[in-house]
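Reader: Could you walk me through this structure, one feature after another? I would like to learn how to read each of them.

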Amino acid sequence: MLYCQSCDTDNDTSAHKCRECGCPYLIPYKSVLVRSDGKRVGIKSGFCWPAAIFGWMWTAYHRAWRLSLILAVTAFGLLALDHLFFSNTQNPLWSLLTIGAYASYMFICGKNGYALLEKDLQRVDYTALIKPQANVL
Ligand SMILES: [Zn+2]
């Protein structure tokens with residue numbers, strides 16, 4: 001859908017301006033969540049680069065605390081495992097394993113970033129402003 005930030009209207013994906021208020025600035029969100037105090041978070045679709053690069057910091061920025069904690073524990077856990085078991089070995093294979101594990105972690109964060117954020121925010125104070133539509137961006 002194409003979301004209009006000025007009037008919260010869900011527009012058709014082919015729209016060039018909002019059908020309700022005529023605003024030309026429409027954003028391709030999958031859904032929009034709104035907090036009880038009115039703060040809005042747009043959920044996009046596709047690969048989430050901020051989640052892949054910043055991981056738990058990105059989810060903390062969005063105040064998805066539970067998800068942030070899970071991601072932070074995973075990230076630091078990977079580093080701790082590497083330090084505990086592989087810091088004394090000279091075998092470069094272990095470094096590759098660590099890099100591989102971390103790359104997988106980043107990929108999983110990016111692939112599922114928006115979906116996880118949406119789910120975690122809805123656990124707390126957020127509700128869907130406009131229901132997500134199937135088969136639409
Ligand atoms: Zn509008």
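**Starting from one residue**

Author: Happy to! Let us begin with Leu71, which, apart from its neighbours within four places in sequence, is in contact with Gly55, Trp56, Thr59 and Cys109. Please keep in mind that this is a predicted model.

Reader: Where in the secondary structure is Leu71 found?

Author: Look for the element whose residue range takes in the position. Leu71 belongs to helix α3, which covers residues 65-86.

Reader: And is Leu71 buried or exposed?

Author: Here we count the C-beta atoms around a residue; a residue is buried if 20 or more others lie within 10 Å of its own. Leu71 is buried because 24 other C-beta atoms lie within 10 Å.

Reader: Let us step back to the whole protein. Which pattern does the protein follow along the sequence?

Author: Read the elements in order along the sequence: β-β-β-β-β-α-α-α-α-β. That comes to four helices and six strands.

Reader: Into which domains is the protein divided?

Author: Domain 1 spans 2-45 and domain 2 spans 49-125. Taken over C-alpha atoms, their centres are separated by 30 Å. Nine residues from domain 1 and seven residues from domain 2 take part in the contact between them.

Reader: Which elements give two or more residues to the side of domain 1 that touches domain 2?

Author: Those are β4 (31-35) and β5 (40-43). The largest share, three residues, comes from β4. By type, the residues on this side of domain 1 divide into three nonpolar, three polar and three charged.

Reader: What does the radius of gyration of the protein come to, and what would a compact globule of 137 residues have?

Author: The idea is to set the two values side by side. The protein has 19 Å, whereas a compact globule of 137 residues would have a radius of gyration near 14 Å. The box filled by the C-alpha atoms, taken along the principal axes, is roughly 65 × 30 × 20 Å.

Reader: How many of the 137 residues count as buried?

Author: As a share, 21% of the residues of the protein count as buried, and Leu71 is a buried residue too. For contacts between residues at least 6 apart in sequence, 54% join residues at least 24 apart.

Methods
Residues are numbered from 1 along each chain as its sequence is written. This is a predicted model: local features need pLDDT of at least 70, side-chain atom pairs count only at pLDDT 80 or more; totals for chains, interfaces and linings use all residues. A residue is buried if 20 or more other C-beta atoms lie within 10 Å of its own, exposed if 12 or fewer, and partly exposed in between; C-beta atoms are placed from the backbone. Two residues are in contact if their C-beta atoms, placed from the backbone, lie within 7 Å. Domain bounds come from an automatic or database domain assignment. Ala, Val, Leu, Ile, Met, Phe, Trp, Tyr, Cys and Pro count as nonpolar, Asp, Glu, Lys and Arg as charged, and the others, Gly among them, as polar. The radius of gyration is taken over C-alpha atoms; the globule rule is 2.2 Å times the number of residues to the power 0.38.
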